[in-house]
Amino acid sequence: MKNMDRGRPLLFQIKLQEYNYFYKLGLQAAIIELYKIKSNLDLKFLNKNYEHYNFLIIESSEPLPVVVSSVINPTQNFKGEILQDLSDLEARPEYLAFNAFSSNRKGFVVFSWLKKANIVDSFINSLLEIDIKDMSSYLINFFFSSAENTFISSDWWEDLDILQRNKIEELFNISSNPFKDNSENILIDNEVKFTGWNIENIYKV
């Protein structure tokens with residue numbers, strides 16, 4: 001990123017280097033915070049101590065067409081409400097881990113977060129307010145706009161129409177481009193709908 005301004009106008013170079021400076025600060029803060037979270041999770045996992053965490057499990061009657069694994073700081077919920085400001089490096093953000101995978105001919109989406117994470121509670125509650133028949137489509141939007149570590153079934157992709165494919169590419173560009181601001185309407189928008197899996201059960205532990 002340091003060389004992206006090479007040969008560009010001076011004003012562009014100044015703005016890009018300023019952005020790079022603050023972006024680096026954010027990365028350093030995130031690495032320190034993630035190290036703490038990873039160490040804490042490892043300790044809990046080795047001791048089989050899960051009492052400090054909440055879990056939301058969404059079960060599909062068939063394998064999922066999309067799988068993902070990530071940890072994020074949710075900045076907005078499914079109502080478009082702002083939850084936390086990640087530009088404040090002095091504040092400790094709340095984290096949410098989520099995984100989507102298939103096992104025993106079924107699909108599972110698992111959200112994990114600390115019980116004391118009230119901001120994440122707001123995010124999860126806004127998801128649970130969505131009609132279950134529409135939830136899978138909202139989750140597709142969330143997966144692709146929030147995580148690069150997302151994979152698609154080739155058969156499912158081939159069955160999508162051009163609008164659906166363009167939507168996924170648009171969402172993926174949001175998660176993979178650090179220069180692109182996230183719209184407040186990303187998680188609200190369900191104009192382009194996705195199918196391919198049917199949610200049959202939701203458990204909150």
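Predicted model: local features only at pLDDT ≥ 70, side-chain atom pairs only at ≥ 80, totals over all residues.
**Stop 1: the nonpolar core**

Start with Phe111 and Leu139. Of the 39 residues in the largest nonpolar core, these two touch the most other members. To see where the core comes from, colour the elements that give it two or more residues: the strands β1 (53–60), β2 (66–72), β3 (96–103) and β4 (106–114), plus the helices α2 (118–128), α3 (132–146) and α5 (162–176). Which element gives the largest share of this core? That's α3, with seven residues.

**Stop 2: around Leu139**

Now zoom in on Leu139 and show what surrounds it. Skipping residues up to four places away in sequence, Leu139 touches Ile58, Val109, Phe111, Leu127, Trp197 and Ile199. You've already met one of these, Phe111, as the other residue that touches the most core members.

**Stop 3: Asn141**

Next, select Asn141, which is found in helix α3. Is Asn141 buried or exposed? Its relative accessibility is 0%, so Asn141 counts as buried. Leave aside the neighbours within four places in sequence, and Asn141 is in contact with Lys167, Leu171, Ile186, Asp189, Asn190 and Phe194.

**Stop 4: the aromatic rings**

Time to show the rings.

Take Phe78 and Phe123. Their ring centres are 5.1 Å apart and their planes sit at 45°, so this pair is tilted. Follow the chain between them and you'll see that the pair links distant parts: Phe78 is in the loop between β2 and β3, while Phe123 is in helix α2, 45 residues apart. Phe78 has 7% relative accessibility, so it counts as buried. Phe123 is buried too, with a relative accessible area of 1%.

Then move to Phe111 and Phe142. How far apart are the centres of their rings? The answer is 6.0 Å, and with the planes at 45° this pair is tilted. Phe111 lies in strand β4 and Phe142 in helix α3, so the pair ties together parts that are 31 residues apart in sequence. Both Phe111 and Phe142 are buried.

**Last stop: the ring cluster**

To finish, select Phe78, Phe98, Phe111, Phe123, Tyr138, Phe142 and Phe143 together. Ring pairs link these residues into a cluster.

Methods:
Residues numbered from 1 in each chain as written. Heavy atoms only, no water. Core = buried A, V, L, I, M, F, W, Y, C linked by side-chain atoms within 4.5 Å. Buried < 20%, exposed > 50% of the residue type's maximum accessible area, 1.4 Å probe, protein only. Helix = DSSP H or I, 4+ residues; strand = E, 2+ residues; numbered from the N terminus. Contact = heavy atoms within 4.5 Å. Phe/Tyr/Trp six-rings, centres within 6.5 Å; stacked < 30°, edge-to-face > 60°.
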